[in-house]
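Take a look at the chain below. This report covers a pocket, a surface patch and a residue in a loop.

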Amino acid sequence: MVGQGTAHAPRAGAQAAVPAFARLPVLAVAGAAMAVLLAVSGRYGYHGDELYFIAAGRHLDWGYADQPPMLPLLALLTDTLFPGSVTGFRLPAILFTGAGVAIAALIARELGGSARAQAMAAGAYACSPFLLAGAGHILATHMVDAFLWTVICWLVVRWVRVRDDRLLFAAALVTAVDLQVKFLIPVFWALLAVSALVLGPRDLPRRPLLLAGGAIAVLTCVPTLAWQAAHGWPQLEMNAIVASEVAFAGGRATFLPMALEQAGIGVGALALVLGVWWLLRSPRLRPYRFLGPVVLGVTTVFWFTAGRPYYVGGLFALCFAVAAVELDRVLVPRWRPVVLLAYALSAVVAVSWLPVKPVSDYAGKPYSPMNMALEEFGWEGVARSVAAAYTSLPPGDRARTTVVTETYWQAAAIEKFAPGLPEPYSGSRGYWYFGSPPEQAVDVVFVGSTRERLLGYFAGVRKLGEVDNGHRINNVTQGEPIWLCEGRVAPWTELWPRLRHMSFTW
């Protein structure tokens with residue numbers, strides 16, 4: 001038959017029709033995960049990255065300095081549908097998390113797992129701090145990327161069992177979508193091709209429908225790659241920036257511990273390790289053995305290239321499913337209460353990563369760059385502080401004054417929450433590409449940086465005030481100076497390239 005493989009792999013487990021009641025535990029886990037995310041989604045506020053995605057959506061383009069165009073487009077859509085609603089803005093993240101829970105169970109089912117094993121795989125996904133809180137709580141590139149990797153893994157695993165090449169074509173189309181989110185998925189496919197050629201199924205990388213879908217995926221990247229080429233490949237600069245940020249958090253020494261922590265203290269970390277082990281060693285899973293080196297290879301590539309630990313999060317569901325299926329086979333009944341307790345404790349840890357603390361718990365505490373919850377507070381306060389500084393100027397001076405910020409988060413917050421101000425500009429990362437200030441703007445209300453640095457660009461610099469986020473919470477913006485920079489010393493065509501920086505701050 002056209003589009004079908006000619007040889008079928010040994011089945012890890014025949015799939016009979018699943019009674020509707022057997023799906024209830026998985027649906028309950030997915031529903032519980034989404035309910036928790038929905039309940040806490042609006043407790044704090046937008047994350048700085050979310051505000052940047054909204055701003056990028058208002059400056060739609062085929063590419064950006066730090067990402068392909070999918071997230072800005074999605075952010076524009078959700079912000080348009082739910083203006084001003086943090087919960088509405090995050091609905092895609094909540095829905096993708098619930099779907100990811102269900103797909104983890106489907107992977108377990110393809111591997112021959114019982115209803116209990118499917119529920120265990122779903123539970124491990126829902127108890128992963130990264131997949132539940134890190135990815136499911138905010139609308140971000142890593143959330144969509146991890147979900148799409150999970151879908152691709154399911155399609156590949158199912159293809160091994162049924163050998164329907166339409167599944168590979170679908171996986172390639174999902175890859176095309178993922179390439180509009182991040183550029184990480186080619187690492188998965190390159191390693192999968194090599195591993196399949198060595199361990200089998202050797203015909204997988206050569207299937208015509210997979211190659212056709214791969215060609216479509218490549219073609220969809222042409223506009224973004226053209227944008228990158230026209231702008232000097234800033235994405236390559238971002239790789240170095242990510243490496244420096246990872247080094248600040250411990251670099252390669254902490255990569256694996258952090259990845260295990262993000263998989264889940266207890267159930268997730270154990271399931272991740274056991275899943276890889278059984279992929280490599282279980283005779284029953286021999287048809288899927290080629291996926292074991294893929295997990296190890298992806299982890300090694302991102303470790304060696306100083307990527308972020310969560311880059312491997314898209315493979316968590318695969319490992320969770322393998323571990324759940326095999327554990328279900330070997331665990332005797334008397335150990336099942338222990339397993340339930342482990343899942344309960346893991347769920348508590350995962351939920352603790354969500355915004356469940358009162359806002360007052362953060363007030364007055366020392367700033368920690370590792371606590372990303374701090375960056376969900378006070379962006380309206382940032383905009384108010386800048387608006388107060390700007391409106392304190394005499395009306396005649398405002399006509400020649402614009403707003404520039406040191407970080408892209410600050411500019412995005414002003415654009416979102418202070419629409420009455422002049423359009424904000426920033427030299428930070430992708431925001432620099434949104435445009436430079438108008439030539440008639442000789443003076444600038446500048447947020448951040450230092451007087452000494454700014455005197456290299458303006459004749460005079462005096463302080464107008466400081467940013468107050470309104471919560472007394474020490475985050476990256478609280479207390480930042482607001483300057484009035486007068487007498488630009490050169491045209492913006494000369495100054496703007498000098499203000500560009502791909503790091504978060506100068």
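## The second largest pocket

The lining of the second largest pocket is made up of 17 nonpolar, 1 polar and 3 charged residues. The model is a predicted one. The space in this pocket comes to about 390 Å³. In total, 21 residues line the second largest pocket. Closest to its centre are Val29, Ala119, Gly123, Leu340 and Tyr343.

Which elements give two or more residues to this lining? They are α1 (24-40), α6 (115-126), α17 (316-330) and α18 (336-352). The largest share comes from α18, with 6 residues. How can such a space be found? Rolling a probe the size of a water molecule over the atoms shows where empty space is left.

Four names to find next: Val194, Leu197, Val198 and Leu199 make a nonpolar surface patch. The patch covers about 350 Å².

Start with Val194, which sits in helix α10 (residues 185-199). Is Val194 buried or exposed? Val194 counts as exposed because its relative accessibility is 51%, and the cut-off for exposed is over 50%.

## A buried residue in a loop

Now find Ile138. This residue lies in the loop between α7 (129-134) and α8 (141-162). Ile138 counts as buried because its relative accessibility is 10%; buried means under 20%.

How many residues apart along the chain are Ile138 and Gly297? They are 159 residues apart along the chain.

Note on methods. Residues numbered from 1 in each chain as written. Predicted model: local features only at pLDDT ≥ 70, side-chain atom pairs only at ≥ 80, totals over all residues. Heavy atoms only, no water. Patch = residues over 30% accessible without salt bridge, like charges linked within 9 Å, V, L, I, M, F, W, Y side chains within 5 Å. Areas by Shrake-Rupley, 256 points an atom, 1.4 Å probe, with all protein chains shown as cover. Salt bridge = Lys/Arg side-chain N within 4 Å of Asp/Glu carboxyl O. Helix = DSSP H or I, 4+ residues; strand = E, 2+ residues; numbered from the N terminus. Buried < 20%, exposed > 50% of the residue type's maximum accessible area, 1.4 Å probe, protein only. 1 Å grid on protein atoms, 1.4 Å probe; cavity = no way out; pocket = protein on both sides within 12 Å on 5 of 7 lines; lining within 4 Å. Points joined across faces, edges and corners; volume = space filled by probe spheres on them. Nonpolar A, V, L, I, M, F, W, Y, C, P; charged D, E, K, R; others polar.
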